[in-house]
Amino acid sequence: MSMETLRQPGTTAVDPDLYMGLELLAAQNRARLIQNVKVGAVWVGLVALLAAMLLGVHVDPSYAAEHYGFVLQGVLTTIRVSLTSISFATCLGLFGALGRVSRNSIAQGVSGLYISVIRGTPLLIQLLIIYLGLPQIGRQLIALGFRQLGELLTLSATQSGILALGLNYGAYLTEVFRAGMQSVGHGQREAARALGMTPVQMLRRVVLPQAIRVVIPNVGNYFISMQKDSALVSIVGIWEITFRATRFARKDSKFIEMLLVGAAFYWIMTLVFSWLQSQLERRMAHAYER
Amino acid sequence: MSVDTVRQPGATAADPGLSMGLELLAAQNRARLIQSAKVGAVWVGLVALLAATLLQLRIDVPYAARYYGYVLQGVTTTLWVSLVSIFFATILALFGALGRLSRNSIAQGVSGLYISVIRGTPLLVQLWLIHLGLPQIGIELIGLGFPRLGKLFILRAVQSGILALSLNYGAYMAEVFRAGIQSVGHGQREAAQAIGMTHWQMLRRVVLPQAIRVSIPDIGNNFIFMLKDSALVSVIGVMEITCRASRLARRDSKCMEMLLVAAAAYWILTNIASWLQSRLENRMARAYRH
């Protein structure tokens, strides 16, 4: 659209190219809508086909309808475990990042070893070490006479699960915090030091408020990941979705029914929180619009 | 360093700025080496401290020395499961990516649903569904008079594990493959179509060779993740590292000893794999250097 065809205030002439452009846009939107509807129809068709096949092999929907409430109660536990763990992981991530960028060898060494070990071993092993290994050490401590310390190490299933998930995700969030802190321009740090701020003040007033903007969307993504990883804590006996689903499944050999119910709950949770995440990201992008 | 101070062939005068620059570089390298040595010393110190604490708490080192071989036999199973799964996952990811990019609604719908469901549910639930749920369907099919089809659904533990890991990682890798396929310039596709290639010829000869090259580092990264996620198949009884370790741990109540051996095995495996990965990435980057 050339300059002279822009609508000047007061003119009434309309640019013919404008109409063609708008029609093209409308046609494209229509085509996109039709494609989405087609794909949506395929999704519905696939789910219906799967449901028909499962009914054909005598999968029992009435059993699922009877017991889905029991599994639904697990959703609260899953969300609670995930929220607690991600909060703990965020704190660990912050300290880990501070350690990684520190010039102090001890801080760098501790955080480096922590990250390397956690990222190099499976979450399941970490969970088992905390749930089975720590009480073993605790028993030894009690035998040696340190009763309180020993009992401190004997964690319940929920505590073990939250600790394991928190430690594991803390190592990954360290990278996120490090990226966030480094995204704050070096010039700002120099200016803060020039003003006479201590490093802690600089962190609190200059670096972190800006780093948080990068960190929060990533923490959101990890939170969604954590909800799925929280299924692992069913192995140590926490009554979350997977545990509740497999309980009835094993009792009456109705594996497909209950596990599909559990899977459906996880899927819905993921979709809901992913949508919330995209809304969050959109709002955070507002501040940087020109 | 300005252009006129660059060493011209034949010139013998040494630029004083050059030697100062080289000295600075050498000083920086020395400082970096000293820092690395310090951090390495902290790592050694921490591990020694941990070992001393555990020994003080009467951790049974002879027991670990006697049975670590049993746990290490699991390394072959872990590597085998991971390699086979990453192979199938790559194939699935390729088809998933092609499906997502396709204009065909059915292909888009199937791959979109596959990716959404797998990414929205935990790996553990998928593993249970395949290991416990499929035999349930198989038994029903046998009962309905399809014995061969039904037996197909009754998988051994290793097969269930590989199938679950492949399906899971295929969905996650599909997104990266999609980006890789889209990274091949649009102009190349136009040129291929202008030459008269069919869609499949274009994929086979132009797009995929370049797309796979871009995706190989990601396959390597996912292999490292898969080494750790393979620990999950221990819950269905595949005799890999974690299963062997927890077997002995539960039998003799030597949880810490065996789980630490298992953790060390995974840590060494992932470090070796990471080192190979970085060498692979360096080799692949060589082709694009000027």
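This is a predicted model: local features need pLDDT of at least 70, side-chain atom pairs count only at pLDDT 80 or more; totals for chains, interfaces and linings use all residues.

Mentor: Residues are numbered from 1 along each chain as its sequence is written, and chains are lettered from A and ligands numbered from 1 in the order in which they are written.

Trainee: Which element of chain A has the highest mean pLDDT?

Mentor: pLDDT is the predictor's confidence in each residue, from 0 to 100. The mean for chain A is 89, with 94% of its residues at 70 or more; chain B averages 88. Helices are DSSP runs of H or I with at least four residues, strands are runs of E with at least two, and both are numbered from the N terminus. Among the elements of chain A, the lowest mean, 84, belongs to helix 5 (residues 147-153), and the highest, 94, to helix 6.

Trainee: Which helix of chain B gives the most residues to the side that touches chain A?

Mentor: Two residues are in contact if their C-beta atoms, placed from the backbone, lie within 7 Å. The contact takes 47 residues from chain A and 46 residues from chain B. On the side of chain B, the elements that give two or more residues are helix 1 (16-56), helix 3 (105-120), helix 4 (123-143), helix 9 (241-252) and helix 10 (255-286). The most, 10 residues, comes from helix 4 of chain B.

Trainee: How are helix 4 of chain A and helix 10 of chain B oriented to each other, roughly parallel or roughly antiparallel?

Mentor: Their axes, lines fitted to C-alpha atoms over the stretch in contact, with angles from 0 to 180 degrees between N-to-C directions, lie 8 Å apart at an angle of about 150 degrees. Angles under 35 degrees count as roughly parallel, over 145 as roughly antiparallel, 65 to 115 as roughly perpendicular and the rest as oblique. Helix 4 of chain A and helix 10 of chain B are therefore roughly antiparallel.

Trainee: How many charged residues are in the contact of helix 6 of chain B with helix 8 of chain B?

Mentor: Helix 6 (residues 157-183) and helix 8 (residues 199-229) of chain B have axes 9 Å apart, at an angle of about 150 degrees, and are therefore roughly antiparallel to each other. The residues that make the contact include B:Tyr169 and B:Phe177 of helix 6 and B:Asp218 and B:Asp229 of helix 8. By class, 10 are nonpolar, four are polar and the charged ones number two.

Trainee: What distance separates the centres of the domains of chain B?

Mentor: The domain bounds come from an automatic or database domain assignment, which gives domain 1 (25-58) and domain 2 (62-283) in chain B. Taken over C-alpha atoms, the centres of domain 1 and domain 2 of chain B are separated by 36 Å.

Definitions and conventions
Ala, Val, Leu, Ile, Met, Phe, Trp, Tyr, Cys and Pro count as nonpolar, Asp, Glu, Lys and Arg as charged, and the others, Gly among them, as polar.
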